[in-house]
Amino acid sequence: MGKKILIVDDDAMNRKLAGMMLKKGQHEVETAQSGDEGIRLLKDAAFDVLLLDVEMPEKNGIETLAQIRQEGLGEGMKVLFLTGNEESEVSDAIRELNADGYIKKPFKPQELLTAVEG
């Protein structure tokens with residue numbers, strides 16, 4: 001049985017590509033185009049994995065995860081940032097917000113599946 005995954009990314013193509021890759025791996029996927037939309041979905045359903053884009057307008061991924069943690073959402077959920085930046089850009093946020101790591105964009109299908117399933 002696959003995992004239930006929420007992808008939060010303002011880029012429609014990234015959401016579509018990641019969703020297709022993960023669905024091929026037998027995972028259930030929901031998407032949101034903003035941090036606020038992702039938070040609303042987390043209030044309504046439990047997810048196993050959150051893939052969270054770092055660079056988004058209005059509320060970036062780091063701010064979004066800070067709010068998720070503050071509201072006590074997603075207990076036990078694996079959180080992976082999606083970023084085009086170098087690790088140093090997100091490493092502090094990973095530690096401070098108890099995220100599980102990051103996936104560098106553009107991601108390869110196998111890298112994405114390994115990170116989600118690992």
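**Group meeting: the cores and fold of a predicted protein model**

Good morning. In this predicted model, the largest nonpolar core has 21 residues, and Leu42, Leu50, Leu65 and Phe81 touch the most other members. A nonpolar core here is a set of buried Ala, Val, Leu, Ile, Met, Phe, Trp, Tyr and Cys residues joined through side-chain atoms within 4.5 Å. Buried means under 20% relative accessible area, exposed over 50%, and partly exposed in between, with a 1.4 Å probe and protein chains only.

Which elements give two or more residues to this core? They are strand 1 (4-8), helix 2 (35-44), strand 3 (49-53), helix 3 (61-70), strand 4 (78-83) and helix 4 (87-96). Helix 4 gives the most, with three residues. Apart from this core lies another, of 15 residues, including Ile5, Val29, Ile103 and Val116. In soluble globular proteins, nonpolar side chains tend to be buried together.

Leaving aside neighbours within four places in sequence, Leu65 is in contact (heavy atoms within 4.5 Å) with Leu52, Val79, Phe81, Leu97 and Ala99.

Residues are numbered from 1 along each chain as its sequence is written, and side-chain values use heavy atoms, with hydrogens and water left out. Local features need pLDDT of at least 70 and side-chain atom pairs count only at pLDDT 80 or more, whereas totals for chains, interfaces and linings use all residues.

I turn to the whole protein. Five helices and five strands are present, and along the sequence they follow the pattern β-α-β-α-β-α-β-α-β-α. Helices (H or I, at least four residues) and strands (E, at least two) are DSSP runs, numbered from the N terminus. The radius of gyration of the protein is 13 Å, which agrees with the value near 13 Å for a compact globule of 118 residues. That radius is taken over C-alpha atoms, and the globule rule is 2.2 Å times the number of residues to the power 0.38. Of the 118 residues, 45% count as buried. Among contacts between residues at least 6 apart in sequence, 61% join residues at least 24 apart.

Finally, Glu71. Where is Glu71 placed? The residue sits in the loop between helix 3 and strand 4. Glu71 counts as partly exposed because its relative accessibility is 36%. Beyond neighbours within four places in sequence, Glu71 is in contact with Ile39 and Lys43. Ser91 is 20 residues from Glu71 along the chain, and their C-alpha atoms are separated by 22 Å.
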